[in-house]
Amino acid sequence: MTIIQLTMGKQDKIVALIRRYGGEIHLSLLESSYKEVYGVDVGVPLNTTLHDWIKSFGSIRMKPSKNGGFIAFDFGFSAVQEENILTLIRKFGGEISLSGLGCHYKESYGISMQYPTGRLRNWVETFDSIGTRMKRNSKELVVFENPSRLQQLGINKERVSDDVELESNGTAYLSMVGEATGEHQFHCAGVVEKLMSYVGGRFRPIIVHQDSLSLLDILPMQWSDALVQLGMEQVSDISLDTGRRPYCWHKYQRKYLCEDSSHKVEDRDVQEIVSNLQAFGEDNRAGIDGQLHRISCIRNNSSCVIGLTIRVGRHVEGNADMIRDLLEDSGKSILLLGEPGSGKTTIVRDVTKILSQKGNVFIVDTSNEIAGDGNIPHSCVGDARRMMVKSLPNQADTMIECVQNHTPSVMVIDEIGRKREVEAAQTSKNRGVRMIASAHGDLRSLVKNKDIRGLIGGLETVTLGDTEAKELQKKTGSKTLQKQLTTRAMAPIFDTIIELKRGRLNEWHLIPDTAKAVDDILLGEKYNIQKRMRCMTSGKIFVECIQN
């Protein structure tokens, strides 16, 4: 074991120890607590002090103690909660009472806040983006978004302070979900350093672009005004059905676009909106020329449009910085997995733009989902070229046509969901094309999906000999001798998988080795994951090694 691996293993244990003590521990107690929990001395490297050694860890920070000395606290874990609290503050109009913060946090996120022992106020005040103050004409203490505090600390919102370089020393640490293998922890160690090198040495906040005006212009004024008042930046979908109240999904909650419950969507409202769109395709989807918004229609038995679902399209600049290391130096094919609304398409757009700077990137664009409506691809995909797909059944044929006619180095597909598309993806990969695509679900559900599990190598059943069966029994610890075994049939089309969850747009679960992960699942074991998280305010990225 190298010195670097040894240090990383100790960092993992120290972070787990800090969490055990509520998120922070006085430096004077760290060595004795470490020995008490792990049964061995912490073993500070030669030619350094405990303070300087602990301070060098990216996921641990130091702060002075009121009683003298220093306190070590878990920085990476708190950073995710900082983003969540900031979102809550914005949700409640810019401030929220400190006494009610815990209740609102649990109500919104389904889990309790976890902060170091001591006063909640002291913990909140360690965040760069949040401040505390007394409410006017009241003794109630509130927390609020405090951009002026960032300026006082010399931090520009468009860039991160110099101390972000501490993260480059490695941010791999144990998760409460499970313990990752030592090899995987070591691999995580240099991830943040690599990411920083590709983005100019500093992380930056993402920038969300959406053309709300083009969408608001096609809606009745009353509904547009309601959307503006709610805040379009948090609206994901707008639902309009003839004879029912119009509403939208705002922060994953239904919000009606009129206070009067008797106000209903009329047929003329629907037809007026449809008249401002491109023609609906065979998949009942349409768009607005030059925009990323998607409008899907619901028809009656006479093929008349009686309802519309309007998905707000966005381009998030800097979104793919979370996986910049994979895009720049691996050449691996990447599959994004997640439920509808988890951000797959938004990520694919920024990935496409980055890859188009160096290669011949082609988008096979069903329903113009990735590059927007109209003949000219949206600027968010950079220099990538686009092949439109007339209807969903033609997607596989268009993929093959793309490979045969246009010699792409990278092919981007928004969604693969049918067996023919899996076969087309395999053909394209066999011809040396790097594949970027998305699909619904997660890795474990994909293993069970007969139609598209070819994306991860497919499955086959093999019969083992007596000796092999006994070796497998010994390895797995099973009580029964199993002579038939389900295994991966071939190499996966996609080398790396990213799992996404709705409502967690800044938390991605990266599975770096698809083949090994599938093999582990088939053996009933956990597989390694890099949990990559981003602070929305500063753009800082944190990497945590876990198992699922």
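**Note on a predicted protein chain**

1. The chain as a whole has a mean pLDDT of 83. Of its residues, 85% reach 70 or more.

2. Two stretches call for caution. Over residues 1-8 pLDDT stays under 50, and the model has eight contacts beyond four places in sequence for them. Over residues 149-186 pLDDT also stays under 50, here with 123 contacts beyond four places in sequence. Where pLDDT is low, predicted coordinates should not be read in detail.

3. Next, the overall make-up. The protein chain has 548 residues, and 49% of them count as buried. It holds 19 helices and 25 strands. Take the contacts between residues at least 6 apart in sequence: 60% of them join residues at least 24 apart. The accessible surface is about 26,500 Å², with 48% belonging to carbon and sulfur atoms.

4. Which order do the strands of the nine-stranded open sheet take? The order is E17-E16-E18-E19-E15-E22-E23-E24-E25, and the pairing is mixed. Strand E17 (385-389) and strand E25 (541-547) are the edges; each has a single partner strand, so one side of each lacks a neighbour in the sheet. From one strand to the next, the twist averages 20 degrees.

5. Strand E15 sits between E19 and E22 in that order. It runs parallel to E19, joined by four bridges. Leu 336 has Ser 438 of E19 as its bridge partner. E15 also runs parallel to strand E22 (residues 496-499), again through four bridges. There, Leu 335 stands opposite Ile 497.

6. The side chains of E15 deserve a look. In a regular strand, side chains alternate between the two faces of the sheet. Ile 334 and Leu 336 point one way, Leu 335 and Leu 337 the other. Are these four residues buried or exposed? All are buried.

7. E19 has a further partner. E18 and E19 pair in the parallel sense, over four bridges. Val 412 stands opposite Ile 436 in E19.

8. Now helix H16 (residues 419-430). Its twelve residues, at 1.5 Å a residue, should span 16 Å; the end C-alpha atoms lie 17 Å apart, which agrees. Its buried residues are Glu 421, Val 422, Ala 424, Ala 425, Gln 426 and Ser 428. They pack against helix H15 (395-406), strand E18 (410-413) and strand E19 (434-439). After H16 comes Gly 432, with a positive phi near 90 degrees.

9. Helix H9 (residues 191-198) lies across strand E24 (528-534) and E25. It runs at about 145 degrees to E25.

10. A six-stranded open sheet has antiparallel pairing, in the order E10-E9-E8-E13-E12-E11. Why does one side of E10 and of E11 lack a neighbour in the sheet? Strand E10 (253-256) and strand E11 (285-287) stand at the edges, each with a single partner strand. Neighbouring strands of this sheet are turned by 25 degrees against each other on average, direction ignored.

11. Within that sheet, strand E8 (residues 235-241) pairs with strand E9 (residues 247-250) in the antiparallel sense, over four bridges. Ile 238 has Cys 248 of E9 as its bridge partner. Helix H12 (residues 267-274) packs on the sheet and touches E8 and strand E13 (305-311). The direction of H12 makes about 55 degrees with that of E13.

Definitions and conventions. Residues numbered from 1 in each chain as written. Predicted model: local features only at pLDDT ≥ 70, side-chain atom pairs only at ≥ 80, totals over all residues. Heavy atoms only, no water. pLDDT = per-residue confidence, 0-100. Contact = heavy atoms within 4.5 Å. Helix = DSSP H or I, 4+ residues; strand = E, 2+ residues; numbered from the N terminus. Buried < 20%, exposed > 50% of the residue type's maximum accessible area, 1.4 Å probe, protein only. Areas by Shrake-Rupley, 256 points an atom, 1.4 Å probe, with all protein chains shown as cover. Expected span 1.5 Å × (residues − 1). Pairing = 2+ DSSP bridges. Axes fitted to C-alpha atoms, helices over the stretch in contact; angles between N-to-C directions.
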